[in-house]
Amino acid sequence: MFGPRALEAFLRTGDPAPVLAGPPCEGPEGSCGGACAAACPRGVLRFRDALPEASEGCDGCGLCAAACPRGSLAAPGVERRLRPRPGRNLGSHWSCAASPARGGGTLPCLGALRPEQAVVLARAAGGTLYLEAGECVRCPLGPASEKARRALEATARSLGEAAGREVLVLGPPPPGKEVEAGLDRRAFFRSLGGSASKSLAGGSVRRGALQDALEALLGGGPVPSGLLALLRPCHSPAVQEEGCSLCGACALACPEGALIVEEAEGNLRLHLDPTSCTGCGVCAASCAPGVLSLVPLPEAQGPRTLARGPAGSCVECGRRTRRPSRGPALCPACLLLRKRRAAPPFPGYAARA
C-alpha cells in the first residue's frame, strides 16, 4: 500500500495546474465565496485580478476544479487520466494514489471526481464502478479529500437505493473480478468521436449526457430527490415570469447556448433546451431583476418556454425587451442607469441643497 511518502512522490510528478474553462468565474466575491481556493490542499491557489491562479507548488490534484460550483475550472491532468485510450473501454476500477495498486485507473485523489462525473463514468464502465481510496485521514492532501469523499458516498448511497443494486462502490472490486479496460471495437470508434472524453471533461457534464447515464443505470426509474440535489447538471433555470423583462441577458451569458430569446408575432419568449444545460448558474448571476434561479428538477423535461410577453423596444437604447402594461419600456440596464441618475451623489446632498 502507498504511504504518505509514496503519495507525495506521485503528486510531485507534476500534473498541469488548473486552467480557466467554460463559464466565467465570479471571483472571490461571487456566490461561491472562492470555493476553489478553500479546497486547495496546498494553499497555492489564490485570486489575482478576481481570477484564480495557481502558483508554484500546484500538483494538479483537481480538488479545486471539483469544488467549483460553476465548472469554471478544469484540471487537465484529471481529464487526461479520464480520457480512454483508442480502442479501449474506460475501466470499472479507479483508485487514488494512496490505495493499493490493482490495475485500472489512478487519480491523485478520488475527490477530483464530481458526483455527476462518477455517474457518467459508472455508465461508461458497464454499470458498476469501483472507487478505491486509501486512508483519507492520513492523506497529505488534508481534509479537502475527506469532504469530497463524503459527496461521493452520498451519491453512491442514493444510486444504490434507486437502482436496487450496487452501482457506485467505494471500495475494491471483489476477488477475481476483471477490472482491466479491455479492447473494444465500438470503444475505438467512440474514442475517435471523443464522446466519452467530452462527457467527462472539466467537471462540466451536460445534462443530456447525465440523463442518459441515469436512465441506463436506474432502468428508466425515477431519480431520488436527494440524488438530484447532488448532481449539478440536474439543476435547471426557473423564472418568476411576472418579473422577467425578457431582456436576453441570461441567454447572452449562457456558455452552452441552452437559453435563447425568440420573437414571433409581436411576442418575446425565453426558451430553454435543458439537454444542453450544465447547471453552471451563469444565467442566474446575470439576471438583473433577480427573478431567475436554479432549481433541481424532479424529472426529465424537454425544451420549454420559461417566460413570454409582449415585445417592445427600450426607449433609451432600443434593445428589444418586454413591453410593460403601463409606462415606458426600459431594459434592466437602462432602468438601473435611470435610477442611479435620479439618486443624490452622496448622502445628505438633497437636504443641504
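Reader: Why is Arg 269 called partly exposed?

Author: In this predicted model, Arg 269 has a relative accessible area of 30%, and since the label covers values between under 20% for buried and over 50% for exposed, Arg 269 counts as partly exposed.

Reader: What makes the pairing of Arg 269 and Glu 262 a salt bridge?

Author: The N to O distance between the two side chains is 2.7 Å, and because a salt bridge asks for a side-chain nitrogen of Lys or Arg within 4 Å of a carboxyl oxygen of Asp or Glu, the pair meets the rule. Glu 262 is partly exposed too, with a relative accessible area of 30%.

Reader: How do you know that Arg 48 is exposed, and what is Glu 53 by its 42% relative accessibility?

Author: Arg 48 has a relative accessible area of 54%, and because exposed means over 50%, Arg 48 carries that label. Glu 53, at 42%, counts as partly exposed. The side chains of Arg 48 and Glu 53 meet in a salt bridge, at 3.5 Å from N to O.

Reader: What makes β6 and β8 edge strands?

Author: The open sheet of four strands has the order β6-β5-β7-β8, with parallel pairing. In that order β6 and β8 each have a single partner strand, so one side of each is left without a neighbour in the sheet.

Reader: How do you know that β5 and β6 pair?

Author: Three bridges join β5 to β6, and because at least two bridges are needed for two strands to pair, β5 and β6 qualify. For Trp 94, the bridge partner in β6 is Gly 105.

Reader: Which residues touch the most other members of the largest nonpolar core?

Author: Of its 41 residues, Trp 94, Val 119, Leu 129, Leu 131, Leu 159, Leu 210 and Leu 214 do. Apart from it lies another core, of 19 residues, among them Leu 268 and Cys 277.

Note on methods: Residues are numbered from 1 along each chain as its sequence is written. This is a predicted model: local features need pLDDT of at least 70, side-chain atom pairs count only at pLDDT 80 or more; totals for chains, interfaces and linings use all residues. Side-chain values use heavy atoms; hydrogens and water are left out. Helices (H or I, at least four residues) and strands (E, at least two) are DSSP runs, numbered from the N terminus. A nonpolar core is a set of buried Ala, Val, Leu, Ile, Met, Phe, Trp, Tyr and Cys residues joined through side-chain atoms within 4.5 Å. Buried means under 20% relative accessible area, exposed over 50%, partly exposed in between (1.4 Å probe, protein chains only).
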